[in-house]
Amino acid sequence: MNELRKLQFDDLEDATDEATRLLQTGYQAKGRWTLGQICRHLRLVQDPSIDGYPWWMSAFAFLRPVMRRTLLPKILTTDSPRGIPTSPPFQPGADLDDALEVERFAASVVRLKNHNGPFAPHPAFGKLERERLLQVHTAHAAHHLRFLDPDEPNTH
């Protein structure tokens, strides 16, 4: 399996900075998704924290305490698990414009950070305090962006 970057962000603004840097420098993908696809996926997962998740994602709410104990600590590390299937509503389409998706991801981050109301319960972890939810989204961004290696600047 490809060696991935160790990537960790202090906050979601760091993730948008990294996405912008990858857009500017170019990148090599070590996974299935482009920068645009990753940014679309991150937005598709973040926005329901404000707008609400599909009703069917609560079908396994009884597992949330176990998921908080077992999966959440792993997600918050710099080596979060790979290969967890993405639910169809959160899968990005093909042929997305990287620049447009980076811009939309950045707008989603601003919206999330500026939201003062309640957040929808996370499908896997349930109701989380604001700071913990932001940590989850920040770690999620690092998880996906680590699959993109920035191109080295041309030294010639």
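In which loop is Trp-55 placed? Trp-55 lies in the loop between α3 (48–51) and α4 (64–75). The model is a predicted one, in which local features need pLDDT of at least 70 and side-chain atom pairs count only at pLDDT 80 or more, while totals for chains, interfaces and linings use all residues. Residues are numbered from 1 along each chain as its sequence is written, and side-chain values use heavy atoms, with hydrogens and water left out.

The secondary structure of the protein consists of 6 helices and 2 strands. Helices (H or I, at least four residues) and strands (E, at least two) are DSSP runs, numbered from the N terminus. The order of the elements from the N terminus on is α-β-α-α-α-α-α-β. The radius of gyration is 16 Å, close to the 15 Å that the globule rule gives for 156 residues, so the protein is as compact as a globular protein of that length. This radius is taken over C-alpha atoms, and the globule rule is 2.2 Å times the number of residues to the power 0.38. Along its principal axes, the C-alpha trace spans about 55 × 35 × 30 Å.

Of the 156 residues in the protein, 46% are buried. Buried means under 20% relative accessible area, exposed means over 50%, and partly exposed is in between (1.4 Å probe, protein chains only).

Helix α1 (residues 12–25) contains Thr-16. The axes of α1 and helix α5 (residues 98–114) come within 10 Å and cross at roughly 170°, which makes α1 roughly antiparallel to α5. The axes are lines fitted to C-alpha atoms, for helices over the stretch in contact, and angles run from 0 to 180 degrees between N-to-C directions. Angles under 35 degrees count as roughly parallel, over 145 as roughly antiparallel, 65 to 115 as roughly perpendicular and the rest as oblique. On the α1 side, the contact is made by Leu-12, Glu-13, Ala-15, Thr-16, Ala-19, Thr-20 and Leu-23. On the α5 side, Asp-98, Ala-99, Val-102, Phe-105, Ala-106, Val-109, Leu-112 and Lys-113 take part. The residues of this contact divide into 10 nonpolar, 2 polar and 3 charged. In this division Ala, Val, Leu, Ile, Met, Phe, Trp, Tyr, Cys and Pro count as nonpolar, Asp, Glu, Lys and Arg as charged, and the others, Gly among them, as polar.

Leaving aside its neighbours within four places in sequence, Thr-16 is in contact with Phe-105, Ala-106 and Val-109. A polar atom of the Thr-16 side chain lies 2.8 Å from the backbone oxygen of Glu-13. A polar contact is a pair of N or O atoms within 3.5 Å; within protein, one must be able to donate a hydrogen and the other to accept it, and residues adjacent in sequence count only if both atoms are side-chain atoms.

Val-109 is found in helix α5 and is buried, with a relative accessible area of 2%. Not counting residues up to four places away in sequence, Val-109 touches Leu-12, Glu-13, Thr-16 and Gln-46. Although Val-109 and Leu-12 are 97 residues apart along the chain, their C-alpha atoms are separated by 6.5 Å. Helix α5 also holds Glu-101, which counts as buried at 1% relative accessibility. Beyond residues up to four places away in sequence, Glu-101 touches Gly-36, Cys-39, Arg-40, Arg-43 and Leu-96.

Two loop residues are exposed. Trp-55 has 73% relative accessibility and counts as exposed; its C-alpha atom is separated by 25 Å from that of Leu-76, 21 residues apart along the chain. Asp-95, in the loop between α4 and α5, counts as exposed at 80% relative accessibility. Asp-95 has a positive phi of about 55° although it is not a glycine.

Arg-130 lies in helix α6 (residues 130–145) and counts as partly exposed at 29% relative accessibility. Not counting residues up to four places away in sequence, Arg-130 touches Leu-112, Lys-113, Asn-114, His-115 and Phe-119. The backbone oxygen of His-115 is 2.8 Å from a polar atom of the Arg-130 side chain.

Conventions:
Contact = heavy atoms within 4.5 Å.
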